[in-house]
Amino acid sequence: MLTDEGYLNNTDITEFLKSYNGPDVRLMEICGSHTAAIASSGIRTLLSDKIRMISGPGCPVCVTVTDYIDRLLDLSEIDGNVICTFGDLMRVPGSNGTLSDARARGADIRMFYSPFDMLEPASEEKGRRFIFAAVGFETTAPVYASLLWKVIESGLDNVMLLTSLKTMPEVVKKIGSKMDGFLLPGHVCTVTGYGLYEPIASEINTPMVAAGFEPENIIQAVYALAKLRGRGIVKNFYPAVVTREGNKKAMDTIDTFFEAGDAAWRGMGVIKGSGLYLREEYSRFDAGSTGLTGDRENTGCRCAYVITGEEKSSDCPLFNKTCTPNTPKGACMVSREGACFNEFIHPVKDRGER
Amino acid sequence: MNITMAHGSGGDATSKLIEEVFKTEFHNEYLDKMEDSSVVPGSSRLSMTTDSFVVQPLFYNGGDIGRLAVCGTVNDILMSGAVPKYLTAACVLEEGLDVEVLKRIVRSMSETAKEAGVSIVTGDTKVIEHRGNKESEPGIIINTAGVGFLDGDMNMGASYIKEGDVVIISGNIGDHHAAIMKERLGIENDRIMSDNAPLNEMVRGLLDNGVRVHAMRDVTRGGLGTVLNEFASASSNDIYIIEEKIPVSDSVRDFCSLLGLDLMYLGNEGKMVCFVDNEDEEKAVDIIRNAKYGENAVAIGYVKKAAAIPCLVLKTSIGGERVVGPLYGEGLPRIC
């Protein structure tokens, strides 16, 4: 990697990160895929105690509020409704159990790998209403938009979305100065571009790096963030797919169907303009996605504090006791991208977590 | 012809099916007597195991449920240090199964049994109603039990693992699991192939040449990660493995990265991991490499006395360390 000090190889970089002894650096990786990559490549064991990686609110399941799960559960109880979802959401606890529980009670809940796979059953079972649990960020929003294109094209009138779609810049701004640097979500930046983070970085004087998901790529980004501490600069370390402007076509598709609105984030409350909602002219596809802001904790679950970086998973009294991947009490333990799941599966040896 | 409930009645149709399909393929001096149970010669120390096979699809690149049913049980016996000799075969057939399909499976069992040097000495056939929806193909469930014989003083297992032992894997990991998933997801890639195989030659090679093998296990469900975790806790040692040394084919590696699967938990059906005395490392790797199905064998790690809770540690390609826990949750389709 070419730096201000000349060319550095990965050994130089890891050497620097291991022996770093400057001011504390708190870095947040926003994206859940980064959390998983960091845990599985053992990157934390390569960092000095002065550099801490904090896993942020970038796993869509983890930031979903209880109201949303409850609304899905309510919809699942209505005769003729089919709730369609990705697998992750099945085990996230609402106020009264999970979708898995509802399915065991007889609700028609089906898992899909792609939302498009619901179109076939929807066209065969015309008497039923197919509601897709449309959870995600800017990366998944274009998929739901394309799904609606297809639905309109095929003339189906029994497909709807219950959306919980969120956008990143506002939440980054909100967490802002609590961190000394951000590892920007690579996939989201592919769609949105990294340009829209430049004014935020400069406003809060905090560096940001758009990075890919290979361990080498992440390590270089961490190095750059540590070096740039205190400077409001955005760098792109994922040029193979990320540009400043992003993917115009995908953004236009989102814009056709969705508009910005306020959204509630688990642990952070309502953040202005951080959600995407179906536009008025497409409201016929909406299964009641607005106003879902209530968020209730399971007794003792500290997810909300974990995803904002205020606490570590291991600080939670339930972690590795009543809350495990087989018996998750909070979304962060359910999702393969969740902070608690990764802390549980890949604990750092001899740091006492397990 | 298709299987009907009459084939499971125990009457004439059953006898004809057994005569035509099973007896022709499995024929040997014990089975041919067609008694309720077979009397076979043996020695004083036995190794016994049983396993049921329910894999879908029945045929896949590199194998089928018949070959799997023989290899699975043969390999389990081999891992105890015993020489496998006799197998039983119980087949539960779904109504509607094409008899030609059954014949293919039984022929494959017979060929694999020959390769592995075992005789199928007794069996059973039952027919059940078709379980799936109308479109799904009728299936088959096979249970095999096996018996093998042990040399007088042969002892191995987790409790014999000690600090300094070398961990050797007999070849590329993940092949079988990736082959099954590929079929189920409808992904076309002929280079992904199951490793379905009996491991007699490499195991006998090690034991007959005096390699000090402390423990062996075939790497099946749960993958390398799960098997080595079991050894770590059962032997109260830390096991360190080096990511860059773990052999995996490019196709399987790409397949995993595409689907977000962790290679550490992908199963095989023709690979084993063994713990040998560190002085015997080279000899052991050499023997396995020269044996059938062992050409990619390599030492991937070592055993260290556990300071705290014993665990499996992966030294990652970037130089970090990661604790690899046992497999949690489901998410992966059944592989055997």
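Colleague: Into which domains is chain A divided, and what separation do their centres have?
Modeller: This is a predicted model, and in it chain A is divided into domain 1, covering 10-300, and domain 2, covering 303-345. Taken over C-alpha atoms, the centres of domain 1 and domain 2 of chain A are separated by 17 Å.

Colleague: Which element gives the largest share of the side of domain 1 of chain A that touches domain 2 of chain A?
Modeller: The contact between the two domains takes 27 residues from domain 1 of chain A and 20 residues from domain 2 of chain A. On the domain 1 side, the residues divide into 13 nonpolar, 9 polar and 5 charged. Helix H2 (32-40) and strand S4 (51-58) of chain A each supply at least two residues of that side, and the largest share, 5 residues, comes from H2(A).

Colleague: Which strands are the edges of the open sheet of 6 strands in chain A?
Modeller: The order of this open sheet in chain A is S6-S5-S7-S8-S13-S12, with mixed pairing, and its neighbouring strands are turned by 25° against each other on average, direction ignored. Two strands of chain A pair on one side only, and these edge strands are S6 (109-111) and S12 (258-265).

Colleague: Which residue of S6(A) stands opposite A:Thr85?
Modeller: Strand S5 of chain A, residues 81-85, pairs with S6(A) in the parallel sense over 3 bridges. Within this pair of strands, the residue of S6(A) that stands opposite A:Thr85 is A:Met111.

Colleague: Which helices lie across S7 and S8 of chain A, and at what angles do they run to S5(A) and S8(A)?
Modeller: Helix H3 of chain A, residues 66-76, lies across S5, S6, S7 (129-136) and S8 (159-166), and runs at about 140° to S5(A). Helix H6 of chain A, residues 141-154, lies across S7, S8, S12 and S13 (269-278), and runs at about 165° to S8(A).

Colleague: Turning to chain B, which residue in the turn of the hairpin of S12(B) and S13(B) has a positive phi?
Modeller: Strand S12 (residues 312-315) and strand S13 (residues 321-324) of chain B run antiparallel and are joined by 4 bridges, with B:Leu312 opposite B:Val324 in S13(B). The hairpin has 5 residues between its two strands, and the turn residue with a positive phi, of about 100°, is B:Gly319.

Colleague: Which element gives the most to the side of chain B that touches chain A?
Modeller: Between the chains, 15 residues of chain B are in contact with 18 residues of chain A. The chain B side divides into 7 nonpolar, 6 polar and 2 charged residues, and the element that gives the most to it, with 3 residues, is S13(B).

Colleague: What percentage of the residues in chain B is buried?
Modeller: Of the contacts in chain B between residues at least 6 apart in sequence, 86% join residues at least 24 apart. A residue is counted as buried if 20 or more other C-beta atoms lie within 10 Å of its own, and among the 336 residues of chain B the buried ones make up 46%.

Definitions and conventions: Residues numbered from 1 in each chain as written. Chains lettered and ligands numbered in written order. Predicted model: local features only at pLDDT ≥ 70, side-chain atom pairs only at ≥ 80, totals over all residues. Pairing = 2+ DSSP bridges. Axes fitted to C-alpha atoms, helices over the stretch in contact; angles between N-to-C directions. Contact = placed C-beta atoms within 7 Å. Nonpolar A, V, L, I, M, F, W, Y, C, P; charged D, E, K, R; others polar. Domains from an automatic or database assignment. Buried ≥ 20, exposed ≤ 12 C-beta atoms within 10 Å, placed from the backbone.
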